[in-house]
Amino acid sequence: MSAELTGQVALVTGSTRGIGKAIAEALGRAGATIIITGRRSADAEAVAQTLTAAGTAAVGIGADLSVEGAERDLIDTVLRKCGRVDILVNNAGISPVVAPADRLAPEEWDRILSVNLSAPFRLSQRVASHLIDRGAKGSIINVASIGGQVALPGQSAYCASKAGLIAMTKVMAVDWARHGIRVNALAPGYVETDLTAGMRAKDRYMNYILDHTPLGRLATAEEIAPAAVFLASWQASYMTGGVLTVDGGWVAV
């Protein structure tokens with residue numbers, strides 16, 4: 001079955017590389033107009049130009065979501081350029097520190113929670129308000145992690161942010177169901193992206209990851225993207241408040 005998204009506008013945060021870029025490309029192939037975002041405007045515009053050259057309608061907008069108020073400016077710019085938002089993928093996230101909880105600096109905790117949890121809340125709130133004002137249905141997809149479901153040693157702030165994102169997903173799904181706004185979470189396992197490059201460069205981390213993954217390997221970003229397209233599409237029309245886990249079997253063990 002095809003996921004037909006023609007005529008819809010999809011905003012994908014953190015989409016200049018990695019999972020976000022793969023999701024944006026896949027949504028574009030399904031027919032959506034894509035809003036590419038990243039901290040640097042030049043990067044977002046470059047990816048959007050590449051997508052446009054390949055036949056996907058795309059717009060690049062710079063947005064540093066670690067700065068409070070950036071989500072307001074981002075949504076205002078999207079509405080000015082495209083007139084609407086139908087799909088929001090909260091993908092932007094950081095995991096800059098691997099350290100035992102007793103050694104995690106408070107400022108690192110605050111930074112991780114700000115980008116990974118507070119920014120998705122503010123963006124979801126604004127997009128939902130826009131959809132409700134339009135009287136339109138929509139789909140919000142929060143890119144969580146297996147770290148929101150099980151412990152990942154040394155990543156207390158990251159896991160807390162992703163667990164919070166999953167809980168937030170469920171509450172928003174219930175709050176907005178009567179408006180036809182579906183809210184789901186996508187929980188990837190370890191993926192070959194820049195976010196995991198440091199871990200992949202160290203044998204002990206790689207051995208830990210492979211030992212805990214029944215399929216015995218990391219995913220590619222392109223293996224995660226179809227799940228987001230499914231959640232955005234009519235094929236998932238009766239799915240809200242769910243967590244779709246794509247992890248090579250990690251949480252099953």
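Two strands pair if DSSP finds at least two bridges between them. The legends below describe close-up views of a predicted model.

**View 1. Strand β1 is joined to β4 and to β2.** Strand β1 (residues 9-12) and strand β4 (residues 87-90) are parallel and joined by 3 bridges. The bridge partner of A10 in β4 is I87. Strand β2 (residues 33-38) also runs parallel to β1, and 4 bridges join these two strands. Here L11 has I35 of β2 as its bridge partner. Between β1 and β2 the chain passes through helix α1 (residues 18-29), and this β-α-β crossover is right-handed.

**View 2. Side chains of strand β1.** V9 and L11 point one way from β1, while A10 and V12 point the other way. The residues V9, A10, L11 and V12 are all buried.

**View 3. Y190, Y208 and W250 form one aromatic cluster.** The count of aromatic pairs in the model is 2. Y190 and W250 make a tilted pair, with 5.3 Å from centre to centre and 45° between the planes. This pair links distant parts of the chain: Y190 lies in the loop between β6 (181-188) and α6 (197-200), and W250 lies in the segment after β7 (243-246), 60 residues apart. Y190 is buried because its relative accessible area, 11%, is under 20%. W250 is buried as well, with a relative accessible area of 6%. Y208 and W250 make an edge-to-face pair, with 5.8 Å from centre to centre and 70° between the planes. The pair again joins distant parts of the chain, with Y208 in helix α7 (residues 203-212) and W250 in the segment after β7, 42 residues apart. Y208 has a relative accessibility of 27% and therefore counts as partly exposed.

**View 4. The charged end of R204 sits over the ring of Y205.** The distance from this charged end to the centre of the Y205 ring is 4.6 Å.

View 5. Leaving aside residues up to four places away in sequence, A236 touches R182, F230 and L231. One of these residues, R182, is 54 residues from A236 along the chain, and the C-alpha atoms of the two are separated by 9.1 Å.

How values were computed:
Residues are numbered from 1 along each chain as its sequence is written. This is a predicted model: local features need pLDDT of at least 70, side-chain atom pairs count only at pLDDT 80 or more; totals for chains, interfaces and linings use all residues. Side-chain values use heavy atoms; hydrogens and water are left out. Rings of Phe, Tyr and Trp (its six-membered ring) pair if their centres lie within 6.5 Å; planes under 30 degrees apart count as stacked, over 60 as edge-to-face and the rest as tilted. Buried means under 20% relative accessible area, exposed over 50%, partly exposed in between (1.4 Å probe, protein chains only). A charge sits over a ring if NZ of Lys or CZ of Arg is within 6 Å of the ring centre and within 35 degrees of the ring normal. Contact means heavy atoms within 4.5 Å. A crossover is right-handed if, with the strands pointing away from the viewer, the path from the first strand over the helix to the second runs clockwise.
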